[in-house]
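Hi everyone, thanks for coming. Have a look at the model on the screen, and I'll talk you through a few parts of it.

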Amino acid sequence: MMTEKSGADILVEALCDLGVEVVFGYPGGAVLPIYDAMFRSKRIRHILVRHEQAATHAAEGYARSTGKPGVVLVTSGPGATNAVTGITDALLDSIPMVVITGQVPTALIGTDAFQEADTVGITRHCSKHNYLVKDPARLGEVVHEAFHIATSGRPGPVVIDIPKDVQVATARYQKPGPIRHKTYRPQVKADQAQVEQLVDMLAAAERPILYTGGGIINSGPAASQLLRELARITGAPVTSTLMGLGAFPASDPQWLGMLGMHGTYEANMAMNQADLVVALGSRFDDRVTGRLDAFSPNSRKVHVDIDRSSVNKNVRVDLAIIADVGHALEDAVRIWKSRQHPKPDTTEWQRRIAGWRAVGCLSFPEAGDAIMPQRAIRALYDATKARQPIITTEVGQHQMWAAQHFGFEKPNKWLTSGGLGTMGYGLPAAIGAQLGNPGALVIDIAGEASIQMNIQELATATQYRLPVKIFILNNEYMGMVRQWQELTYESRYAESYSDSLPDFVKLGEAYGWKGILIEHRHELEDGIAAMLDHDGPVIVDCRVAKLANCFPMIPSGAAHTDMILQANEVSGTMDDEAKALV
Amino acid sequence: MHIKTEQVERHTLAVIVDNEPGILARIAGLFTARGYNIESLTVSEITADKAVSRITIVTSASPPVMEQIIAQLDRLVPVHKVADLTVLGDHVERELALVKVSGTGDRRIEALRLAEVYRARVVDATISSFVFEVTGGIAKIDKFVELMGEVGLVEVARTGIAAISRGAEAA
């Protein structure tokens, strides 16, 4: 005879049954029974953040760097609303995450009770799915189903809202068997005839390009290996979205660099001139395509994606394969090999790509004693690449420079807020990544504006002795905003100057961190070495050339061929059509 | 600069869903969140155990957006099936309206005569008013309501469209 347990104990036991090791959270009135259950159980490590938004980003960092789902526990009302940004971030970047929120007792729902918010209403359209659990007997099954939904198909955040009385009331719990959901059945296996067609198209193409995205990372390390294999046997060059960096090694001669708005000249020109584009776990985002009617105009297009709604959303494709990209890649490689296709002759295509590469689009002028931000990223890369660090970023110019100038050889090493573009993502994400990878070197490449959006998390790293590093490219501007104001608004810098900055070194020291200031070009390498030598957390305030801008750049609404390579090509204003684009 | 609009087509969708709390908000919210338009939306339980509901949605969109609407609906966890009845072929669309008119003398007689032409049934009557029940396609009901406007229309309640494919098969 099974004994009854409280909803809170059921939740903790279900989390343990699901293999959850770490929960990022912040206590409050409506989750006290759960906190007490966790305290008594001692089986789950709880990481106390300093703001609920940071709990969600830390869970994302943990998830993205380990491949396991991130778990968040917050209280009702403000606890839940503070988590909304991170939930939305995880939705747009397809990060597996389960967010458990406390709710006021069932009888008080709808009465505007203290710390009541309509959490399921608020998160309905920023989560993959959500639940309000009103019966403790349903709780165990809902928790297992939530993890299944968060981690399968196109991953995403799932919210479970649990009223306080449901946490206290008792019921029986039994670990359920494998979940067979009655309506939710993602299509994992590819249609073989379609994969055959893809192989035909790859074999016939003269100017193929593989355009990869975060789906390859989500599919697991095997998908990255299969991508390398497909590229090797077909000779097709590879470009990637921001989210897909690391799936294909940056040191490989077939690597073109990132594509899109701040992508490389060679990647964007190759997309433009290709006769076959194979999109693998990428979604033709507006940052990637630029002007849609000029996007890769002469190519046939294949789209492999697990989410049918990603297909034909922005760009019409000739062949859609709905499947887990890893499975589709495995099939494509197997079929190619079984047919004993010779490697296609892409000499002419490679010659043209070499010509674009020779432009050297990522080169930048040095600025005397001042440190160019690109130089700082390259110095950081040179000093750390042997250790294969995990890099997180905030959002803005520093993020794009990191994507352009830091090379990634493996998946799960690059954590950034791509879809939502959330400033304040990097530090908590680094904390989550460090917890999931205790021995790894984890660096948050930040801007001086973004870092202040979750700066309170310095304390979290201190409390759990996490040796994360923050490398701030400090140009005293919200640089990307300023760059757009230069391009579009004749350099009227409306509110983009970072005034009244703190002394980051002293601020770090106040939280128990080591602080390092780098001001001059000749201090750069030594400053980075000092950061790496220190065993604990370090915040580096690296002062960089204030007005440097991020190029290449395709302005919003422009074609890939209308790329701005250097600052002197920039005009000071744009028409209304361009101004209306993001 | 002016905001551009595009050519749209009208489609009727049948969406079979798990009858769970919030499902209607999920569906309706998806339409507002993604900027799709809803011309009519009806929902009702269709199984004895009340576990499954059928939602009939009439929407207008350009063909690529229509494809997106169906894919986005299909992606929702509690959705069993989305059928585009307009694409699948011939189907029947019906709506029921309750129409209240008031008046006396010739106007009252004319209202009754028109109701007979439109096969509307009288479901409530007083000395000075009728409530008619009329079913049919949208155009028929629109026309009936318009005519009642001439003879003392007070108010109208319409159910929205229920639709089903013709023939032996389920959509």
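Before I go on, some housekeeping. This is a predicted model, where local features need pLDDT of at least 70 and side-chain atom pairs count only at pLDDT 80 or more, while totals for chains, interfaces and linings use all residues. Residues are numbered from 1 along each chain as its sequence is written, and chains are lettered from A and ligands numbered from 1 in the order in which they are written.

Back to that pair. When I say strand, I mean a DSSP run of E with at least two residues; a helix is a run of H or I with at least four, and both are numbered from the N terminus. Strands count as paired if DSSP finds at least two bridges between them.

Now zoom out to the sheet. Six strands of chain A make an open, parallel sheet, in the order β16-β15-β17-β18-β20-β19. β16 (414-415) and β19 (514-518) of chain A are at the edges with a single partner strand each, so one side of each has no neighbour in the sheet.

What about domains? Chain A is split into domain 1 (5-171), domain 2 (192-357) and domain 3 (373-550), with bounds from an automatic or database domain assignment. Taken over C-alpha atoms, the centres of domain 1 and domain 3 of chain A are 30 Å apart. Where they touch, 25 residues of domain 1 of chain A meet 27 residues of domain 3 of chain A; contact here means C-beta atoms, placed from the backbone, within 7 Å. On the domain 1 side, α3(A) gives the most, with 11 residues.

Next, a pair of helices. The axes of α10 (residues 221-234) and α13 (residues 325-338) of chain A come within 9 Å and cross at roughly 35°. Those axes are lines fitted to C-alpha atoms over the stretch in contact, with angles from 0 to 180 degrees between N-to-C directions. Residues in this contact include A:L226 of α10(A) and A:W336 of α13(A).

Last stop, the other chain: 16 residues from chain A and 19 residues from chain B make that contact. On the chain A side, β6 (129-132) and α22 (576-579) each supply at least two residues. That's my tour, thanks!

How values were computed
Contact = placed C-beta atoms within 7 Å.
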